[in-house]
Amino acid sequence: MPVPPAGTALAGGTNGPRALRPLLDTVLDALTTGAEDRAGPLPPGGPATVTRAVHEACHPLLPDRGTGPHTALRTLVHTLAAGAADPADPHCAAHLHCPPLALATAADLAACALNPSMDSWDQAPAASALEALTSRELAALVYPQATRPDALITTGGTESNQLALLLAREAAASRGTATDPHRPTPPLQIVCGANAHHSIHRSAWLLGLPEPLTLPTPDGILTPDTVHTCLADLAGRTGPVLLTATAGTTDSGALDPLPALADLADRHGARFHVDAAYGGALLFSDTHRGALNGLARAHTVALDLHKLGWQPVAAGLLAVPDPATLAPLTHQADYLNADDDTEAGLPDLLSRSLRTTRRPDILKIAVTLKALGRHGLGELVDRTLAAAQTLADLIEAHPRYELHSRPALSTVLFRPTGADDTTLATIRRTLLTDGQAVLGRATTPTGLWLKATLLNPHTQPGDLTTLLKLVEGHTPR
């Protein structure tokens with residue numbers, strides 16, 4: 001077989017690994033030198049400096065004659081690594097942006113090389129079977145008493161929440177039609193807290209639903225009394241209702257009181273969805289899983305393992321207690337899931353997503369689950385949450401810092417004592433521009449706070465002490 005021109009060898013087949021091996025050496029070397037040049041959690045200099053460095057290193061990106069594969073890889077991977085926000089650095093702690101496990105990253109390489117497309121069985125024979133097996137095992141963590149729990153693979157919490165609202169809308173319409181086929185079904189009314197993820201409101205807009213009724217959460221969580229008053233007031237005045245709770249808010253990591261909210265949903269005949277994209281990984285932990293009591297009573301649950309699951313993006317799921325819940329997603333395209341093929345036993349993958357072409361994101365998840373097991377992942381969860389408690393202890397013991405509240409998950413809100421909002425915003429941007437630390441920001445009823453979202457399970461107390469010293473060094477006296 002003739003040797004293909006440089007850079008045009010394929011990743012698959014029996015010769016693919018041979019073509020990949022030297023390229024991977026170049027990539028790994030470039031990742032190393034890029035991280036060494038960055039020498040911190042973020043490149044210094046701010047947006048203009050980073051943009052100029054990328055342009056100078058990479059332009060032109062479409063030359064008349066190519067540079068060759070190794071030069072292109074070395075240049076662009078080095079540039080990306082040198083200009084990255086590196087979540088593996090313990091001082092990169094702004095967002096729910098996890099450092100992926102090397103194990104999961106290696107598995108994702110195999111997924112890229114094989115390139116199954118998860119929209120028909122003949123494009124992904126083994127991957128489709130692995131997805132069915134893995135998604136059902138994860139769904140069983142959410143719904144341990146269910147006979148046939150299931151889960152869809154999504155791109156993350158946003159897509160999971162959108163699917164949950166879609167399924168609720170279609171279930172409400174189906175019930176209305178069954179009751180009176182000649183009477184229009186009132187639109188689904190969503191009830192959520194001010195602490196809900198923005199995707200709840202955005203999904204309602206995308207689905208043509210009324211603006212969600214957003215209840216106040218002055219303490220960061222939905223209170224049962226407030227929800228009861230709202231649902232009682234809606235009774236008889238509106239149509240079907242979806243109550244949405246959050247198990248791990250993006251601002252503070254707070255968890256809504258799930259058992260009480262599930263009781264209220266039952267009492268008032270509302271459908272119940274829980275956005276557990278952040279906190280759902282507590283299911284792996286024997287120490288912390290009790291914080292999710294009541295989760296199994298939800299009609300739908302959003303999970304996201306590219307947060308407290310240490311997976312490369314994307315790794316989301318939407319779990320349901322019974323596959324019948326997913327019936328509204330049924331869709332037929334003759335070239336992908338012809339009726340006679342399905343009847344002959346070929347799995348219907350098109351009805352497992354709103355997307356057509358999908359990456360085999362399940363492989364990296366399955367490898368991680370198999371390698372570490374529930375206890376291994378639970379230990380990583382425990383260590384990460386313990387680091388957040390350590391940071392809270394350091395803040396409480398520090399004479400110049402104020403702690404917002406004890407962390408429920410791995411997010412810690414704090415600020416220099418007496419600092420106003422302008423000062424806090426300036427401190428955060430200065431640390432970013434200097435490339436010294438990546439901290440987030442959260443606005444609460446008590447003002448603006450700096451936000452440290454810890455997702456590195458190997459963070460040490462000394463790393464946290466240094467982080468506080470960096471903030472203190474930029475605080476006006």
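Is tryptophan 310 buried or exposed? Tryptophan 310 is buried, because its relative accessible area is 0% and the cut-off for buried is under 20%. Keep in mind that this is a predicted model.

**Positive phi angles**
- Most residues other than glycine have a negative phi.
- Tryptophan 310 goes against that, with a positive phi near 60°, and you'll find it in the loop between strands S7 and S8.
- Alanine 39 isn't a glycine either, yet its phi is positive at about 55°.
- Look for alanine 39 in the loop between helix H1 (16-38) and H2; with a relative accessible area of 65%, alanine 39 is exposed.

**Cis peptide bonds**
- Most peptide bonds are trans.
- Proline 60 sits in the loop between helix H2 (46-58) and helix H3 (69-82).
- Valine 313 and alanine 314 are also joined by a cis peptide bond, with omega about 10°.
- Alanine 314 is in the loop between strand S7 (300-304) and strand S8 (316-320).

**A patch of negative charge**
- On the surface, Asp122, Asp334, Asp339, Asp340, Asp341 and Glu343 gather in a negative patch.
- Helix H11 (residues 339-343) gives the most to the patch, with four residues.
- Aspartate 334, from helix H10 (residues 334-337), counts as exposed because its relative accessibility is 58%, and exposed means over 50%.

Technical notes: Residues numbered from 1 in each chain as written. Predicted model: local features only at pLDDT ≥ 70, side-chain atom pairs only at ≥ 80, totals over all residues. Heavy atoms only, no water. Patch = residues over 30% accessible without salt bridge, like charges linked within 9 Å, V, L, I, M, F, W, Y side chains within 5 Å. Areas by Shrake-Rupley, 256 points an atom, 1.4 Å probe, with all protein chains shown as cover. Salt bridge = Lys/Arg side-chain N within 4 Å of Asp/Glu carboxyl O. Lys, Arg positive; Asp, Glu negative; His and termini not counted. Charge placed at Lys NZ, Arg CZ, Asp CG, Glu CD. Helix = DSSP H or I, 4+ residues; strand = E, 2+ residues; numbered from the N terminus. Buried < 20%, exposed > 50% of the residue type's maximum accessible area, 1.4 Å probe, protein only.
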